[in-house]
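Where do the strands pair, and what packs around them?

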Amino acid sequence: MSKPPFVALPAGAEALRVETPRGAFAALRAGRPVRGTALLVPGFTGSKEDFIALLEPLAGAGYRVVAVDGRGQYESDGPKDEDAYTQDELAQDVLALGAALGAAGDPPPHLLGHSHGGHVARAAVLRAPGAFASLTLMSSGPGIVCDEQQSRAKLLADALTTYDMETVWQAMRAFDPPETPVLPADVADFLHRRWLGTRPAQLAATARQLCEEPDRTAELAGVPLPVHVLTGESDYVWPVAEMDDMACRLRAHRTVVGGADHSPNVDRPAETAAALAAFWSADLAAG
């Protein structure tokens, strides 16, 4: 679970709802599109707030940044049926969001997906390759997650069919290791509210996707789109070596953020924002 370092909106950022033909999506937005627009898609158990520490530095670099809750995540509504959360449905939502961010004639936005959000972003790009200016896969591997994370995801999916969200939350907290850092009270309260606000069907469906996702690297390599593989120097969901190999197969730009784990957007936001802006700027110059 990605845990934002703070939850108060930075200067110049705003909360809003992005209206699309596929529904309204809760979002955080910052900056003006001097150099372009970027759409940020969160991962499993996540939300738009996972990117909160990136908003100010990316806006300062000249980008309009829009971080969203996917359908059924936190403040975006979603159905109770798991069939509403297939990867293709989620990918179509991303395409609708990308189209909603600009006026006619605007260049397409850059797309970033974190963790499971990377799989959804990849599916969106494969569905409509011309919809985005670039794709960044942040801490998102080529296929299924590691064995330990598969076990956790399956356990969670099973628990959600039996217990309510509060019961599952309390059970997860009971298994927190003793060395887990104490969070600021407002962040801890936010994580609890986010969990309770997320639809169980969304969590169950995406948990299963993490255990079933095929390696689509070869498909993505055939798309003429700049790709950036950005990770921390360690990762507990996919081995970094696996993501190194994926980047090689994609001939992608590669960034390893020192001192970061599965959420470089949280662990090292300044370095992560700088790497993203550099990639997007290089892409703009190449274009």
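In this predicted model, strand β3 (residues 36–41) pairs with strand β4 (residues 63–68) in the parallel sense. Five bridges join them. Leucine 39 stands opposite valine 66 in β4. Helix α1 (residues 52–60) packs on the sheet. It touches β1, β2 (23–30) and β4. The direction of α1 makes about 160 degrees with that of β4.

β3 also pairs with β5, again in the parallel sense, over four bridges. Here leucine 40 has leucine 112 of β5 as its bridge partner. β5 in turn pairs with strand β6 (residues 134–138). That pairing is parallel and runs over five bridges. Histidine 110 stands opposite serine 134 in β6.

How much of β5 is covered? Five of its five residues are buried. In a regular strand the side chains alternate between the two faces of the sheet. In β5, both faces are covered. His110, Leu112 and His114 lie on one side, Leu111 and Gly113 on the other, and all are buried.

Now take the sheet as a whole. Eight strands form an open sheet in the order β1-β2-β4-β3-β5-β6-β7-β8. The pairing is mixed. β1 (13–20) and β8 (253–257) stand at the edges. Each has a single partner strand, so one side of each is left without a neighbour in the sheet. Neighbouring strands are turned by 25 degrees against each other on average, direction ignored.

A further helix meets this sheet. Helix α2 (residues 87–100) lies across β1, β2, β3, β4 and β5 (110–114). α2 runs at about 110 degrees to β1.

Next come the helix pairs. The axes of helix α4 (residues 147–160) and helix α7 (residues 200–210) come within 9 Å. They cross at roughly 150 degrees. That angle makes α4 roughly antiparallel to α7. The contact involves Ala153, Ala157 and Leu160 of α4. From α7 come Pro200, Leu203, Ala204, Ala207 and Arg208. An α-helix has 3.6 residues a turn, so residues three or four places apart point the same way. The crossing of α4 past α7 is left-handed.

α7 is mostly covered, with nine of its 11 residues buried. The buried residues are Ala201, Gln202, Leu203, Ala204, Ala205, Thr206, Ala207, Gln209 and Leu210. What do they pack against? Their partners are α2, α3 (116–127), α4, α5 (165–174) and α6 (185–197).

Two of those partners, α5 and α6, also meet each other. Their axes come within 9 Å and cross at roughly 140 degrees. α5 and α6 are therefore oblique to each other. α5 passes α6 in a right-handed crossing. On the α5 side, the contact is made by Met165, Glu166, Val168, Trp169 and Met172. On the α6 side, Leu191, His192, Trp195 and Leu196 meet them.

Threonine 45 sits in the loop between β3 and α1. Its phi is near 65 degrees, a positive value in a residue other than glycine. Threonine 45 counts as buried, at 12% relative accessibility. Tyrosine 74 is found in the loop between β4 and α2. Tyrosine 74 is not a glycine either, yet its phi is positive, at about 45 degrees. At 10% relative accessibility, tyrosine 74 counts as buried.

Finally, turn to asparagine 265. This residue lies in helix α10 (residues 264–267). Is asparagine 265 buried or exposed? Its relative accessible area is 0%, so asparagine 265 is buried. Where does its side chain reach? It reaches the backbone oxygen of aspartate 50, at 2.8 Å. Leaving aside neighbours within four places in sequence, asparagine 265 is in contact with Ser2, Asp50, Phe51, Ala53, Leu54, His114, Met138 and Thr272.

Methods:
Residues numbered from 1 in each chain as written. Predicted model: local features only at pLDDT ≥ 70, side-chain atom pairs only at ≥ 80, totals over all residues. Heavy atoms only, no water. Helix = DSSP H or I, 4+ residues; strand = E, 2+ residues; numbered from the N terminus. Buried < 20%, exposed > 50% of the residue type's maximum accessible area, 1.4 Å probe, protein only. Polar contact = N/O pair within 3.5 Å; in protein donor to acceptor, adjacent residues only side chain to side chain. Contact = heavy atoms within 4.5 Å. Pairing = 2+ DSSP bridges. Axes fitted to C-alpha atoms, helices over the stretch in contact; angles between N-to-C directions. Parallel < 35°, antiparallel > 145°, perpendicular 65-115°, else oblique. Left-handed = near helix turned anticlockwise from the far one by under 90°.
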